[in-house]
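I opened my notebook for a first look at a new protein. Here is what I had on the screen.

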Amino acid sequence: MDAIWLDGAEWLAVLRIGLGLWWLESWRHKDKKAWFERGTGIAWAADVAAKHRWTAVRSGFDVMVAPRPRTMAYVVVYAELAVGLGLVAGFLTPVALAGGLLLNVLYFTLMIHDWAEQGQNAMMALISVVALFAMSWQVWSLDDAIGWFR
């Protein structure tokens with residue numbers, strides 16, 4: 001593969017790190033007080049799920065999320081932080097990429113009828129797939145330094 005300035009593996013690491021920074025920004029800009037104390041994030045998702053056309057989404061939300069809104073708020077917010085840190089540092093990178101992809105797919109599923117919200121998640125999911133299958137942790141990562149996932 002020919003590339004300008006960096007080699008192919010290094011450009012994939014740039015893509016992975018950029019995706020990690022995107023996740024960190026998603027975590028940073030959240031109003032944690034609103035999410036944790038007032039439950040705004042899960043309340044919004046509950047409203048969307050309650051109106052969802054797919055029974056599986058409504059019932060899945062009612063079974064998994066609705067009974068534990070405070071816990072799920074922490075799961076969502078700190079999953080974004082964990083994914084971002086994992087991708088930037090290149091630590092447990094395949095796990096972070098798969099976890100981020102799962103968050104994107106869950107959001108896609110919840111918001112399937114609101115395409116105005118899907119652009120960012122589509123790009124993040126695409127980058128996750130490329131970074132995962134191209135093994136973007138081969139350079140500039142703790143995984144590479146430790147010798148994991150070779």
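My entries below go from the whole chain to single residues.

**Ground rules.** I am working with a predicted model, where local features need pLDDT of at least 70 and side-chain atom pairs count only at pLDDT 80 or more, while totals for chains, interfaces and linings use all residues. Residues are numbered from 1 along each chain as its sequence is written, and side-chain values use heavy atoms, with hydrogens and water left out.

**Whole chain.** I looked up the secondary structure and found eight helices and zero strands. Helices here are DSSP runs of H or I with at least four residues, strands are runs of E with at least two, and both are numbered from the N terminus. The C-alpha atoms fill a box of roughly 50 × 30 × 25 Å along the principal axes. Of the 150 residues, 37% count as buried. Buried means under 20% relative accessible area, exposed means over 50%, and partly exposed is in between (1.4 Å probe, protein chains only).

**Helix α5.** Does its length fit its residue count, I wondered, or what span should 21 residues have? At 1.5 Å a residue, α5 (residues 69-89) should span 30 Å, and its end C-alpha atoms are 30 Å apart, which agrees. The expected span is 1.5 Å times one less than the number of residues. I then noted its buried residues, including Met72, Val77, Leu81 and Leu87. The cover over the buried residues of α5 includes α1 (8-28), α2 (32-38), α3 (40-50), α4 (55-64) and α6 (93-110).

**After α5.** Gly90 follows this helix and has a positive phi, near 70°. Leu92 is partly exposed, at 33% relative accessible area.

**Cores.** Which residues touch the most other members of the largest nonpolar core? I found Trp35, Ile42, Phe61 and Leu110, in a core of 15 residues. A nonpolar core is a set of buried Ala, Val, Leu, Ile, Met, Phe, Trp, Tyr and Cys residues joined through side-chain atoms within 4.5 Å. Helix α3 gives the most to this core, with four residues. Apart from it lies another core, of ten residues, among them Leu19 and Trp137.

**Trp35 up close.** Leaving aside neighbours within four places in sequence, I listed its contacts (heavy atoms within 4.5 Å), which include Lys30, Ile42, Ala73 and Val77.

**Last stop.** Phe149 sits in the segment after α8 (142-146). Its phi is positive, about 60°, although it is not a glycine, and at 35% relative accessibility Phe149 counts as partly exposed.
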